[in-house]
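Me: I'm new to this one and would like to learn how to read it. Could you walk me through it, feature by feature?

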Amino acid sequence: DKDNSTSLEVIRSATWDICMAGGYVVTGFGTMYLGGGRDPGPFDLHASRNKPWEEQIGHIKSIFGQTPWWKLQPHDELLACETPRGTDTRELDRIAPPTETYWCLAEPGNQYLVYFRGLKSPLMVTIDAPAGPLTATQINPRTGERRVLGAASGRFEVRPPDDKDWIIHVARSAN
């Protein structure tokens, strides 16, 4: 019943937007918040309806846990796309994140973490890798599945597989 919490997709999008701005998140569930008082059911630490988000937020931890995240800083200027970033939307009469957006955290020359969703055109990522090409890996934030895309350097083009949210990690070695 809160803004940015109306669906699994909205919660995931808002969480990634926060993380890609250099912030961090703390989870909470209606089945536990205020002793379960905001949820129509009893206080339930192990509510099965929380499992999908518990799994998906675990992928965020995994991605950042396998990355020297403390070296990353926002570098959205390294991204270019014909699809403009959207503005906040509404879902169930609550504020929800934009449906189209893209963000970049980078340690230029060494690693780049790009998150995007809702793109209808390719995303160009400027990669400065003076010591040779880096390897790009596509990550599905819903499942954690990874797919190596290959070498990336210069202006690296990302073609979204669909309009869902995706992550591209570019680094010296594939994760």
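Me: Let's start with contacts. Leaving out residues up to four places away in sequence, what does Ile57 touch?
Reply: A contact here is a pair of heavy atoms within 4.5 Å. This is a predicted model, by the way. Not counting residues up to four places away in sequence, Ile57 touches Thr15, Val25 and Thr27.

Me: Where does Ile57 lie, and is it buried or exposed?
Reply: Ile57 lies in helix 2. To judge burial, look at the relative accessible area: under 20% counts as buried. Ile57 has 18%, so it is buried.

Me: What about His59, is it buried or exposed?
Reply: His59, also placed in helix 2, is buried, with a relative accessible area of 18%. Leaving out residues up to four places away in sequence, His59 touches Pro141, Arg142, Thr143 and Gly144. For Gly154, the numbers read another way: it is 95 residues from His59 in sequence and 28 Å from it in space, C-alpha to C-alpha.

Me: How do I read helix 2 as a whole? What is its reach from first C-alpha to last?
Reply: Take the number of residues, then compare the reach with what 1.5 Å a residue would give. Helix 2 runs over residues 51-65, which is 15 residues, and reaches 21 Å, close to the 21 Å expected.

Me: Which residues of helix 2 are buried?
Reply: They are Trp53, Gln56, Ile57, His59, Ile60, Ile63 and Phe64. Seen down the axis of helix 2, these buried residues fall within an arc of 135°, so they line one face of the helix. Turned away from that buried side is a face with the exposed residues Glu55, Lys61 and Gly65.

Me: And what do the buried residues of helix 2 pack against?
Reply: Their partners include helix 1 (8-20), strand 5 (101-107) and strand 6 (111-117). Strand 8 (134-139), strand 9 (146-152) and strand 11 (166-171) are also on the list.

Me: Which residues are buried in helix 1?
Reply: Val10, Arg12, Ser13, Ala14, Thr15, Trp16, Asp17, Cys19 and Met20 are buried there. Just after helix 1, Gly22 takes a positive phi of about 95°.

Me: Arg12 is on that list. What is it in contact with?
Reply: Setting aside neighbours within four places in sequence, Arg12 is in contact with Trp53, Gln56, Pro141, Arg142 and Asp165. Its relative accessible area is 6%, so Arg12 is buried.

Me: How many residues are in the largest nonpolar core?
Reply: Think of a core as buried nonpolar residues joined through their side chains. The largest one has 22 residues, and Tyr112, Val114, Phe116, Leu123, Ile127, Ile168 and Val170 have the most contacts inside it. Apart from it lies another core, of 15 residues, among them Met20, Trp53, Ile63 and Leu113.

Me: Last one: how much space lies in the second largest pocket?
Reply: Rolling a probe the size of a water molecule over the atoms shows where empty space is left. In the second largest pocket that is about 270 Å³. Of its 13 lining residues, Gly22, Gly23, Tyr24, Phe64 and Trp69 are the closest to its centre. Helix 2 gives the most to the lining, with four residues.

How values were computed: Residues are numbered from 1 along each chain as its sequence is written. This is a predicted model: local features need pLDDT of at least 70, side-chain atom pairs count only at pLDDT 80 or more; totals for chains, interfaces and linings use all residues. Side-chain values use heavy atoms; hydrogens and water are left out. Helices (H or I, at least four residues) and strands (E, at least two) are DSSP runs, numbered from the N terminus. The expected span of a helix is 1.5 Å times one less than its number of residues. Buried means under 20% relative accessible area, exposed over 50%, partly exposed in between (1.4 Å probe, protein chains only). The arc is that of the directions from the helix axis to the C-beta atoms. A nonpolar core is a set of buried Ala, Val, Leu, Ile, Met, Phe, Trp, Tyr and Cys residues joined through side-chain atoms within 4.5 Å. On a 1 Å grid over the protein atoms alone, a cavity is a set of points where a 1.4 Å probe fits but cannot get out, and a pocket is an open set with protein on both sides within 12 Å along at least five of seven lines; lining residues have an atom within 4 Å of a point. Grid points are joined across faces, edges and corners, and a volume is the space filled by probe spheres set on the points.
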